[in-house]
Amino acid sequence: MLPPLTRERALCPCSAAWIPGFRSPPELQARPQQSRPPRHSRLLHLQLTLTGAAVLSKCLASRRAKRSKKEHYQPARASSWKELRAVSLHLDSLASTAGVREIPRKKKGVAIVWFRNDLRTHDNPALLAAAEHAEMVPVYMWAPETEAGAAPGGAAQVWLDESLRCLSKTLESMGSQLLLRRSVAPGDDLSFLCQQLNARAVYFCRRYEPWLDQLDESIASRLRDRGVDVKTFSGYLLYEPSSLHLKSGYSKGHWGTLMPFMHACRDAGEPRMPLARPRSLPPLPSDLNKVPRNSLEELGLAAIGPHLSTDWTVSIRSSWKGFDEQTAISEMRAFVGGPRLLAYEHERGRADLDQNANSKLSAYLRWGQLSPHDLYWCIKLTGVQPSTVQTFERRLFWRDLAYFQLRAFPEMRYKPIRAHYEMMQWRSDKDLLSKWQKGRTGFPLVDASMRELWETGWSQQNLRMVAASFLTEYCNIDWVEGAKWYEDTLVDADIAINSMMWQNAGRSGIDQWNFVISPEKASAQDPTGSYVRKWVPELRKLPNKYLHRPWEAPAEVLAAASVKLGVDYPARCIDDLRGARAAATAAVLEMRSLVKDTEWNDAGGYDVVELPDGQVSRVFTRRDLRLPRAVASSQARQAAGNRRHEGDTLRERSTPSQRRGVRSKLRRTALGESASVESW
C-alpha cells in the first residue's frame with residue numbers, strides 16, 4: 001500500500017524518500033479554506049514583491065545553482081503517480097505471490113529444464129517453457145572438466161553449493177525436485193536422461209562464454225538428431241552479444257568502450273520485462289527413480305583438502321544473509337527502496353561508511369538468483385532522475401559489454417587483447433605476489449581489500465581497482481596472476497567481467513585505464529579509517545594521520561599504538577613507489593617501442609588492434625604511453641590530433657567550465673565507473 005500523501009509531496013514506495021513537487025491525487029489535495037487578508041495587507045505584499053523582484057530572482061537563481069550542484073543528494077521528481085504505483089506493485093510482486101501465474105499443461109510428454117547460471121524460479125523463460133509440459137524434470141550438472149580450465153573457483157563454488165541447496169528447497173515447495181549429476185560429458189548425460197525418461201523436450205538458458213556456447217550448440221544438435229525438441233533462451237544478459245555491432249575506429253567513443261556500446265544497446269530497444277514465476281510445477285515422471293543421481297555432497301563443491309586444519313568456507317558462508325532468490329529480491333528491494341541508491345552516485349567509493357552505498361547484488365546476478373531484467377526495470381520504474389542513477393544503471397551495460405568483448409576475443413582470459421602486449425616484460429617475484437594475495441604488502445588500504453576478499457569473497461569495485469593498480473602499476477606483476485587470484489577468491493567471479501577489468505588494469509584491454517590509484521592515499525575510499533581498522537586490526541590504535549602510511553609515524557606513536565613494523569604489521573614491500581611506477585611505465589614503453597613504426601601503432605601513438613571481422617581499430621592509449629611514429633605526414637598528425645579523446649588531458653580544454661567537466665569525468669572514472677560491474 002502507498003502511504004498517505006500530504007503537502008504536495010509523495011513518499012516513493014520503493015525509496016522511502018520524499019519527492020518534492022509531486023502532486024498527490026485529486027482526492028488527497030483538499031485543503032482548509034483560509035480567509036483573505038485585509039486589502040492594505042495585500043497592497044503592501046504587492047509592493048514588496050515588485051520592489052524586491054530583482055533581488056528575489058537572483059536569490060532563486062543562486063539557490064537553483066546550488067541545488068544543481070548537489071542534485072545527487074536530492075530525492076528525484078517522479079514522472080507520474082502511475083509509475084510510482086507501478087514500482088510498488090512490481091517490487092511487491094517479486095517478493096510475494098502477486099508475481100505468480102498458472103501455467104497451462106498444454107504439451108504432452110516429459111520436459112527437462114537444464115539449470116546452469118540461472119538458479120531461480122522467477123524470470124526464467126526456460127522453466128516457464130518446461131512447465132507447459134505434462135511432466136518435468138529440473139536438472140543441474142556439475143561438469144568442471146568441460147569449462148576449458150575456467151570452471152568456478154573456490155569461493156564461487158561455496159556460493160554455488162549454497163545456491164543449489166536453496167534452489168532444491170524452492171523446487172520442492174513447488175511440487176518438483178532438483179536432479180543433481182556429477183558429469184564429465186553433459187551431452188551424453190542429457191541423451192541418457194532423454195532416453196530413460198522418454199523426454200520430448202529440453203530447455204535451457206544460454207551461456208555466453210565462447211567455449212560453453214560451442215558446447216551447448218553441439219549438445220543441442222545431438223539431441224535434435226535424436227528427435228528431441230531443444231529450445232534455448234536469453235536470461236543472463238540484457239542484450240544478445242551477437243545482435244550488437246559497433247563501428248571500428250572512434251564513434252562516440254573508441255571501439256569496444258562503454259558509450260558506443262550503450263548507444264548500440266539503446267538502438268536495439270529496451271530489454272524485456274521480467275517474467276512471472278509459475279505457481280506450481282508439473283509432476284515428476286513416475287520412472288524417475290531408475291535414473292542415477294548424486295547428492296549435493298557428492299558433487300564435491302568447495303571441498304576442504306585433508307591438508308587443511310580449518311574450514312576456509314565458514315567465513316564466506318557467514319558473510320551473506322542468504323543465497324536464495326527471495327533473499328536476492330529482498331536485498332534488491334532494500335537497495336532500491338532505501339537511501340543507498342540515491343547515494344550511490346557520489347558515495348560508492350566510500351568503504352568506511354556503516355551504510356555502504358554499494359548494492360552487493362553482483363553474486364546474485366552471477367549465479368542467477370536475480371536476473372538483470374529484474375534490476376534494470378526496478379531501477380527504471382522508480383521515477384528517479386536518470387542523472388541520479390546513471391552510474392549504477394551503467395553497471396548492467398558494463399556487464400553486457402564484458403561478454404561482447406569476450407565474444408570478440410575468446411582468449412582474453414589469459415592473452416592480451418592488444419596482441420603486442422604479450423611482449424611485455426613483467427616482474428617474476430613469487431614472494432611479492434604472495435604478499436599481495438595474503439594482504440601483507442605493508443600498504444594498509446591494499447591489505448584491507450585483499451583480506452576482505454579472502455574472508456568474504458567480495459570487495460567493492462574501487463577497492464578491487466586499488467589492489468589491481470598496485471599489482472600492475474607498482475609491482476609490475478602480470479595482470480594474469482591477479483585475474484587468476486580473483487577468479488578463485490570472488491563469489492561473483494565471472495570470466496568475462498573479471499578478464500575485462502584485469503586486461504584494462506594491465507593496460508592491454510580495450511579500455512586501458514587512464515589513471516593510477518595510489519596505495520597510500522585513502523581520502524576517497526577510507527577518510528575516517530574505519531575500513532582499514534576493521535580489516536587490519538593490528539593498526540586500529542594508530543591515529544588517522546598515520547593509519548594509511550604507518551611508516552611515517554614517529555616511534556613514540558607506533559609504541560603507543562602497540563605497533564612494531566616488520567613484527568606486528570609487515571614493512572612496506574616497496575619503499576620507493578615513484579621509482580617502482582617509473583620502472584613499470586618504462587617497461588611498457590620499451591615493449592611499445594618494438595611496434596612503434598608498425599601497423600599496430602598509429603600516427604598519433606595509439607595502439608591498434610585487429611577486430612574479429614578482420615578490420616583494425618585504434619584504441620584508447622594513455623598519454624604517457626603513446627609513441628607517435630617517427631615518420632608521419634603533417635596531415636596524418638593533424639588527423640590524429642583531431643581524434644584525441646576529450647578526456648586525455650585537461651590542457652586540451654579551452655575554458656574553465658570545460659576543464660571542470662573533464663575533471664568530473666576523470667573523478668567518476670577514479671571512483672570505479674570505468675570498470676567491471678562485479679562488486680556493485
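Reader: Where is Ala-302 found?
Author: Ala-302 is found in the loop between strand 9 (277–278) and helix 9 (313–318). Helices (H or I, at least four residues) and strands (E, at least two) are DSSP runs, numbered from the N terminus. This is a predicted model, in which local features need pLDDT of at least 70 and side-chain atom pairs count only at pLDDT 80 or more, while totals for chains, interfaces and linings use all residues. Residues are numbered from 1 along each chain as its sequence is written, and side-chain values use heavy atoms, with hydrogens and water left out.

Reader: Is Ala-302 buried or exposed?
Author: Ala-302 counts as buried, because its relative accessibility is 6%. Buried means under 20% relative accessible area, exposed over 50%, and partly exposed in between (1.4 Å probe, protein chains only).

Reader: What is its phi?
Author: Ala-302 has a positive phi of about 50 degrees, although it is not a glycine. Most residues other than glycine have a negative phi.

Reader: And what about the phi of Ala-148?
Author: The phi of Ala-148 is also positive, near 55 degrees. Ala-148 lies in the loop between strand 5 (133–142) and helix 5 (154–173), and Ala-148 is exposed, with a relative accessible area of 52%.

Reader: Changing topic, how many residues does helix 23 have?
Author: Helix 23 (residues 577–593) has 17 residues. From its first C-alpha to its last, helix 23 reaches 24 Å, close to the 24 Å expected at 1.5 Å a residue; the expected span is 1.5 Å times one less than the number of residues.

Reader: Which residues of helix 23 are buried?
Author: The buried residues are Leu-577, Ala-580, Ala-584, Thr-585, Ala-587, Val-588, Met-591 and Arg-592. They are on the same side of helix 23, because they cover an arc of only 150 degrees around the axis. The arc is that of the directions from the helix axis to the C-beta atoms.

Reader: What do they pack against?
Author: The buried residues of helix 23 pack against helix 17 (461–474) and strand 10 (607–610). The face turned away from the buried side carries the exposed residues Arg-578 and Glu-590.

Reader: Which residue caps the N-terminal end of helix 23?
Author: Asp-576 caps that end, with a side-chain oxygen 3.4 Å from the backbone nitrogen of Arg-578.

Reader: Finally, how many helices and strands does the protein have?
Author: The protein has 25 helices and 11 strands. Of its 680 residues, 55% count as buried.

Definitions and conventions:
Contact means heavy atoms within 4.5 Å. A polar contact is a pair of N or O atoms within 3.5 Å; within protein, one must be able to donate a hydrogen and the other to accept it, and residues adjacent in sequence count only if both atoms are side-chain atoms.
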